[in-house]
Amino acid sequence: MIPDPICCDGNSWPKLPVHITERKSGNMQVNVSARHGNLQPGDQPLVVEKVEKLRRLYDRINAIEVTIDLKQLDKPSVEIKVSAEHAEDCVATAESTTVIAALDAVIPKVEQQLRRLKEKKTGHRATGIKHIDPVVADED
């Protein structure tokens, strides 16, 4: 147990309520899973590194789930599901000849959905009264 700090007059400091604000930037979870097989050794850190960059588009992302389906080895598919606060999940899927190529194909799809989501959340605010131009009627 940590002792209370001592004031210059020998008394302990008064205990004040502590308000801690927590930012969501460090709480984003990234889950990578593979179906019907295993990923190659260097693929998982590369996948995590690439999908973490989605955070720069929309800062209210809670979790990113990446599912790699290796059922067809010649055409693996990658699905990304992004969960954000107060919004629908963004889901995108792509197939390609390699896992990384499929990942590179699916990331722009999710980026587009996140851009649309952000525009929807921030761009559709009501116009204030001071920004409305007055209508002047012409009288002849």
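Two strands pair if DSSP finds at least two bridges between them. Helices (H or I, at least four residues) and strands (E, at least two) are DSSP runs, numbered from the N terminus.

This is a predicted model, in which local features need pLDDT of at least 70, side-chain atom pairs count only at pLDDT 80 or more, and totals for chains, interfaces and linings use all residues. Residues are numbered from 1 along each chain as its sequence is written, and side-chain values use heavy atoms, with hydrogens and water left out.

**Exercise 1.** Work out the strand order of the sheet and state which strands lie at its edges.

Solution. Start with the elements: from the N terminus on, they run β-α-β-β-β-α. The four strands form an open sheet in the order β1-β2-β3-β4, with mixed pairing. β1 (29–35) and β4 (90–95) each pair on one side only, and are the edge strands.

**Exercise 2.** Describe how β2 and β3 are joined.

Solution. β2 covers residues 61–69 and β3 residues 77–84; the two run antiparallel and share eight bridges. One such link pairs A63 with S83 of β3.

**Exercise 3.** Find the strands that each helix lies across.

Solution. Take contact as heavy atoms within 4.5 Å. Helix α1 (residues 43–52) lies across β1, β2 and β3. Helix α2 (residues 99–122) lies across β2, β3 and β4.

**Exercise 4.** Identify where pLDDT stays under 50.

Solution. pLDDT is the predictor's confidence in each residue, from 0 to 100. The protein's mean is 79, but residues 13–25 stay under 50. Where pLDDT is low, the predicted coordinates should not be read in detail.

Methods
Axes fitted to C-alpha atoms, helices over the stretch in contact; angles between N-to-C directions.
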